[in-house]
Amino acid sequence: MRKIKAKKIFDGSKILENAVIIFDEKEIKYIGKDNGKETEETFEAEFVTPGFIDLSSGIGLKEESLPEVEGDDFNEETNPKTPELLAIDGINPLDEAFPKALMGGITSTLVLPGLSNPIGGQGAFIKTQGKTVEEMLIKSACGMRFSLNEAPKITYGQQKKMPMTRMGSAYIIRKALYEAKGDAGKKGKEKAASLEKKSLLKVLNREEKAFFAAFRADDIATAIRISKEFNLKTVITFGTEADITMKMLKENKIPVAFGPVILPRFNNELKHLSPEVPATLMENGIETAIISGHPYYPAEFLRIQLGLIIAEGIKPETALASITSVPAKILGFKNRGIIKKGAKPDIALFDGVPWETKTKVVKVFVSKQ
Amino acid sequence: MILIENGTIYTVTNGIIKNGSVLIDNNGRIKKVSSKKIKANAEKINAKGKLIFPGFIDAHTHLGLFPLETSMSSADGNEMTNPSTPAMRAIDAIYPQDPAFKDAISAGIVLVFTGPGSGNVVGGQSVVVKTYKNTTEEMIVKNPAGVKCAFGENPKRVYSSQKRLPSTRMGVAKVFRETLAKAKEYAKKKKGKKKPQFDLDMEALVPVFEHKIPLRIHSHRADDILTAVRIAKEEFGLDIVIEHGTDSARIREVLAKKKVPVISGPLLDVSPKIETKDSSFETPALLTKAGVLTALMTDHPVMPIQYLPIEAGLVAYQGGAGEEETLKMITINPAKIMNIDKDYGSIEEGKVGNISIWNGHPFSTTAKCETVIAEGKIVFKR
């Protein structure tokens, strides 16, 4: 049994002052005022949060320091429709970014394939610690990557293949979903369906969420349009212009995995990028997670981005929730991203407020399954 | 005249003045810096509770050469058709309406060093520009300010894909040495009676041989840095500055002894290639402690320019360089490296009135730059 004594504990929704957490490797046993209970080990910290959850990254798929074929398994740019691909088959647990992310307070991350294909493949929700994907795995598959932005157009337009336009990208997604849907409910057919269709059926059955990578407002609107047509459970990732589509997001209860906040606006789709956007989303009650989008921004410093949003007037609790309880809720985990009795003991300890450059991560605990 | 009153002044070169005043005259120069009230008939800015810094300087960027919010057709940083192109001039490509200039001002960055990328072994002439003007002519502070060169992976990748020399580090060194040998001869002839036939590329290197400007050498690996020192400094006796210098801390004693400055960074990014594998926020601290003159860079657009102060914060606190030394790395140190420290890089009487006023320490993620004054005029207000 271990105990953490802290001046401040963020439990996923509020900040407790001068409190303790008692936990073992499997679960949190207690959070509250120090009840004097003796434990084998005691740790002290200024600020404690649930281990951070990065809701969209390419960590392990696009490896640090290995740009070419050897370390790049992010985009299978040979077919614009690859729902059958699994992120776990591409993740290298020895990517040097994992220990860094862990020391940045991130204990789990949703790894999704890259943006080149309108239908990119299935994600994996993994811990940032472990020598094999099996050790790291929390859930696979977890989510399906869809991509509505300029990346598929650039990739396939150059090959003179569809999609060369936004219409083409939407067509590929829509056609694949219709075809998979055609097999749904038909007993023999469903069994005999291709791997591709089976993968999409999980999305159509709402077992898996659809993660639409979209930056521009019109692309976000297309994602919402398709989601309504097929009754998908959708999350918008990146969401640069999500504030413009706020009404639609709200009406359809669609969350946004926004970020990275610190990113050069290297194309026209990123024109609108600013910390004000996620602040506006949060102020208006859109369920908003903040992501690193690693390798576009280092996962290790996910926490630093929160400062920019707090500077826009967002409460620290709301900002911290965007990398803890909110992503856990979006993924449907009731015992992650929070510190309460029975929750997984993924815990990060800091010597100050987590969003500051000054603050160091003191220690990180990762649950043993 | 502008009078900034009641603020905490980070002079950089003369400590911190609490409740201080800065007076900037009509010529845009700092007339007085004082811990006492200054009486003057001037436009007053009450900086009570605010922090006052000299305008920041980003010592290595590509501002205007790879404009934001657009496509590759606007990218003008690398003329990758010949590995040695000393006569390329950054000023011919800078797009003053690149939105990144406004981003820079919003973070108190009033001067940047900008120039060609690292595709070529000898890339061309870089320049120091103001971020708050509309035309390149008005923007220029120093031109040329250095000749960009590049060692290691980048030129190798570019030319090996074209099946041309250089495709090895030996090839890179050959192109570099050959260009310098030719330029040395040219510069020598220019001084003599029999003038050489005019050569635009060689002309670009004459100021380097006259020690007016340095070679700004992109290099990450320690062996590449030392190749740069060996050829440029030892064989040809030229002034050099090491750009990026990922592994520079490993040979910091050599660099300190040979008085080679290093511009470190970008650090707030994911290491994109083998050469940058050991990129660390600790590098600037190690260099400084060893006596190497060190500045920071965003390498914009690799890192967004406006986050230079946050990168500096991580260097100061996570990397261990400390607030005071790190502040120098985005003010007086780059000014010294670019030989413009007589006019820029600190809040001192006589220097150009470039000032940024903050509601918190710029190294903090929650601080915001509220007002920027350049040459005595307000150029940004939040």
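In which sense do β5(A) and strand β6 (residues 106-111) of chain A pair, and over how many bridges?

1. The pairing of β5(A) and β6(A) is parallel, over 4 bridges; strands count as paired if DSSP finds at least two bridges between them. A:Ser57 has A:Val111 in β6(A) as its bridge partner. Helices (H or I, at least four residues) and strands (E, at least two) are DSSP runs, numbered from the N terminus.

2. Before going further, please note that this is a predicted model: local features need pLDDT of at least 70, side-chain atom pairs count only at pLDDT 80 or more, and totals for chains, interfaces and linings use all residues. Residues are numbered from 1 along each chain as its sequence is written, while chains are lettered from A and ligands numbered from 1 in the order in which they are written.

3. Back to β5(A), residues 52-57: 6 of its 6 residues are buried. Buried means that 20 or more other C-beta atoms lie within 10 Å of the residue's own, with 12 or fewer for exposed, partly exposed in between, and C-beta atoms placed from the backbone. Together with helix α1 (residues 97-103) of chain A and β6(A), this strand makes a right-handed β-α-β unit; right-handed says that, with the strands pointing away from the viewer, the path from the first strand over the helix to the second runs clockwise.

4. Helix α10 (residues 302-310) of chain A is largely enclosed by the rest of the structure, because 9 of its 9 residues are buried. Among them are A:Arg303 and A:Gln305. The buried residues of α10(A) pack against several elements, including β5 and β6 of chain A and α9 of chain B.

5. The largest nonpolar core has 230 residues. Such a core is a set of buried Ala, Val, Leu, Ile, Met, Phe, Trp, Tyr and Cys residues joined through C-beta atoms within 7 Å. Helix α9 (residues 308-317) of chain B gives the largest share of this core, 7 residues. B:Val22 is one of the residues with the most contacts inside the core. Leaving aside neighbours within four places in sequence, B:Val22 is in contact with residues including B:Ile52 and B:Ile355, where contact means C-beta atoms, placed from the backbone, within 7 Å.

6. Between the chains, 27 residues of chain B are in contact with 27 residues of chain A.

Methods:
Contact = placed C-beta atoms within 7 Å.
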